[in-house]
Amino acid sequence: MSLYDQLSPEGKTLLREAHGFLRKGYDPVTHLVSVDSEGSFHIGIRESMYYALSLMILDREWDTVEAVTRAVLALQMDAPGEVFHGAFRHSPSEPAPAAGVLDAARLGTDGRYFADLAWERTTSRFSRLLESRPELSGRSGEIEALLHQALTESVPVAWDSYEPNTREFILMCLAMLLEHEGGRLPKALTEEIARSARLGMEGAVARSLSGFTPLNTNILCMHIFLLDYFGRRLGNEEWTALALTDAEAMLRQYREYHACAEFNSPTYCGVDLSTLGFVRRYSPRPELVRLADELEEGIWQDVAEFYNPAMRNFCGPYSRAYELDCAVHTCFYDLMYLGLGESLFPWHPFSVESVCNPLLLLGDVRIPEAVRPALFEDKQDVRLRHSFRELSERGDPRRNNALCTATGWISPRLMTGALAGSENPSYQLHPLVIFWRSGEALGTVSLHRCLPDGRMQHMRTVLFNGQADRNRLTMDVEARVTRDVDVFFEIFCPGLDPEQLRESCWTLPGLTVRLSARAPRPEIRRVDEHTLRVVYPARQEDPASLRMHFDLEAELT
């Protein structure tokens with residue numbers, strides 16, 4: 001029986017949707033897939049491998065599977081001793097990172113942290129010097145961009161000059177090609193895949209053992225599976241031993257607060273849950289499967305706690321998330337559709353993450369029976385409180401796991417959430433959120449910080465301490481920064497009118513927010529037709545502006 005025939009009706013639907021989308025972006029010249037990101041097309045090597053997997057499952061166009069795989073393998077970097085060894089460039093035109101200038105083993109995690117800190121202070125000072133030069137007015141952004149380009153072309157900088165996490169996603173796809181290709185690929189290519197897997201695992205293991213760039217939960221889940229899978233496939237007992245060691249350590253950390261480091265993260269929980277199903281399906285090691293099963297069930301319990309069926313969304317706050325609306329940037333609804341079946345959960349909008357479904361379908365998606373009722377039952381006046389240790393990827397490695405407390409409140413048409421204790425510099429942090437229903441539309445309010453020019457980058461030491469209690473929220477913000485920043489509330493809802501936003505009261509479609517703030521006078525900025533920002537400037541020349549306090553009361557209208 002073919003892989004496609006083994007899929008459930010829901011699985012076949014998800015595969016056809018992903019395959020159809022990816023096929024539109026396939027270039028028969030480069031043999032890579034391009035995807036649309038915020039209005040611009042770029043080559044996606046992950047998406048390219050997902051397309052190859054979709055063809056493998058459909059058992060068609062094996063020449064294309066071969067061509068795509070070779071094109072992706074050609075982008076892998078074989079650079080022993082470098083931090084990017086075994087990682088992949090994003091496209092043929094992307095240069096490889098600078099080699100021979102960074103000895104990660106000698107630099108260590110402390111050295112990496114202080115180098116990051118020195119660079120941030122240097123760029124902050126550089127920015128202020130530019131502001132003091134009137135003749136350069138209007139060109140400061142361009143000049144700063146050149147300085148940043150010089151850095152990333154001279155020194156390998158994670159997530160700027162190379163992407164450390166793509167390695168695990170590609171290796172997952174390569175594992176599935178080796179597992180399921182059934183001899184349809186040439187022997188030479190399967191040998192190339194095995195070699196690529198070995199290079200990738202060498203780099204991944206070096207990264208994990210050094211701690212140079214920490215592994216988030218979703219990457220760690222994949223890393224554990226890959227250690228076990230390729231350790232057995234390639235005969236490396238060190239990797240298979242590390243798989244069990246890492247899984248045990250991960251589970252111990254989870255058990256401390258019944259929470260992952262990216263707690264209540266709609267963007268990443270879907271990847272966590274789908275990857276743990278791969279351990280169950282493909283690993284013959286009962287002890288590893290038991291660990292994965294316990295972690296998987298625990299994450300589903302956490303999901304059920306913060307999930308609101310009436311809004312089909314998670315209540316905040318979010319330690320990491322790209323979008324507040326789960327229909328936009330998560331595979332969670334694909335998991336629900338696949339795990340519950342169309343009769344119980346027919347809703348599966350195609351999102352940014354739905355492209356990964358050809359991979360997701362090859363795992364074993366399982367939603368525990370004990371959790372299922374909470375995914376459907378109405379939640380009326382439910383208070384939430386959950387502690388967890390976060391992971392600050394670019395924080396001080398000796399204290400990058402601050403103890404945080406998430407509080408929230410759920411009702412059918414209104415949700416609130418706030419986070420206390422976070423030191424996470426990630427731009428994906430959402431420390432305060434409000435959801436409400438305005439007719440059929442979903443409205444949101446969220447708190448963020450950015451540079452005055454709007455760049456949302458990792459920003460060290462902007463601290464948030466908040467609490468949500470039903471429809472009331474409080475938030476203290478402390479900007480321990482060396483440059484100017486903007487703290488802002490982003491409001492999304494169709495029908496927004498900036499004239500209805502006053503300093504002490506926002507009259508929104510279907511919601512009134514009364515606001516008391518000890519903060520600089522705000523500025524209202526329109527982002528697009530449905531999005532406004534209420535911006536509070538934190539400026540170095542005004543020390544009082546670096547500490548802000550907000551009290552909010554949200555009431556449905």
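Visitor: Which residues is W506 in contact with, leaving aside its neighbours within four places in sequence?

Guide: In this predicted model, the contacts of W506 are V445, F489, I491, Q500, L501, L511, T512, V513, L515, V534 and L552, once neighbours within four places in sequence are set aside.

Visitor: Which residues touch the most other members of the largest nonpolar core?

Guide: W506 is one of them, together with F225, F230, F489 and L508; this core has 158 residues. Another core lies apart from it, made up of ten residues, including A79, V83, A158 and F212.

Visitor: How should I read the two faces of a strand?

Guide: Side chains in a regular strand alternate between the two faces of the sheet. Take strand β9, residues 432-438. L432, I434, W436 and S438 are on one side, while V433, F435 and R437 are on the other. Both faces are covered, with the residues on each side all buried. By count, seven of the seven residues of β9 are buried.

Visitor: Which strands pair with β9, and in what sense?

Guide: Strand β8 (residues 414-422) pairs with β9 in the antiparallel sense over five bridges. On that side, L414 has W436 of β9 as its bridge partner. Strand β10 (residues 441-450) also pairs with β9 in the antiparallel sense, over six bridges. Here the bridge partner of F435 is T444 in β10.

Visitor: How many residues lie between the strands in the hairpin of β9 and β10?

Guide: Two residues lie between them, and G439 in this hairpin takes a positive phi near 65°.

Visitor: Is E478 buried or exposed?

Guide: The cut-off for buried is under 20% relative accessible area. E478 has 19%, so E478 counts as buried. Its place is in strand β12, residues 472-479.

Visitor: What does the side chain of E478 join in a polar contact?

Guide: The side chain of R547, at 3.1 Å. Not counting residues up to four places away in sequence, E478 touches T461, V462, L463, L546 and R547.

Visitor: Is A247, in helix α10, buried or exposed?

Guide: A247 has a relative accessible area of 9% and is therefore buried. Helix α10 covers residues 237-257. With residues up to four places away in sequence not counted, A247 touches I224, L288 and L291.

Visitor: How far apart are A247 and V289 in sequence and in space?

Guide: They are 42 residues apart in sequence, and 9.8 Å apart in space from C-alpha to C-alpha.

Technical notes
Residues are numbered from 1 along each chain as its sequence is written. This is a predicted model: local features need pLDDT of at least 70, side-chain atom pairs count only at pLDDT 80 or more; totals for chains, interfaces and linings use all residues. Side-chain values use heavy atoms; hydrogens and water are left out. A nonpolar core is a set of buried Ala, Val, Leu, Ile, Met, Phe, Trp, Tyr and Cys residues joined through side-chain atoms within 4.5 Å. Buried means under 20% relative accessible area, exposed over 50%, partly exposed in between (1.4 Å probe, protein chains only). Contact means heavy atoms within 4.5 Å. Helices (H or I, at least four residues) and strands (E, at least two) are DSSP runs, numbered from the N terminus. A polar contact is a pair of N or O atoms within 3.5 Å; within protein, one must be able to donate a hydrogen and the other to accept it, and residues adjacent in sequence count only if both atoms are side-chain atoms. Two strands pair if DSSP finds at least two bridges between them.
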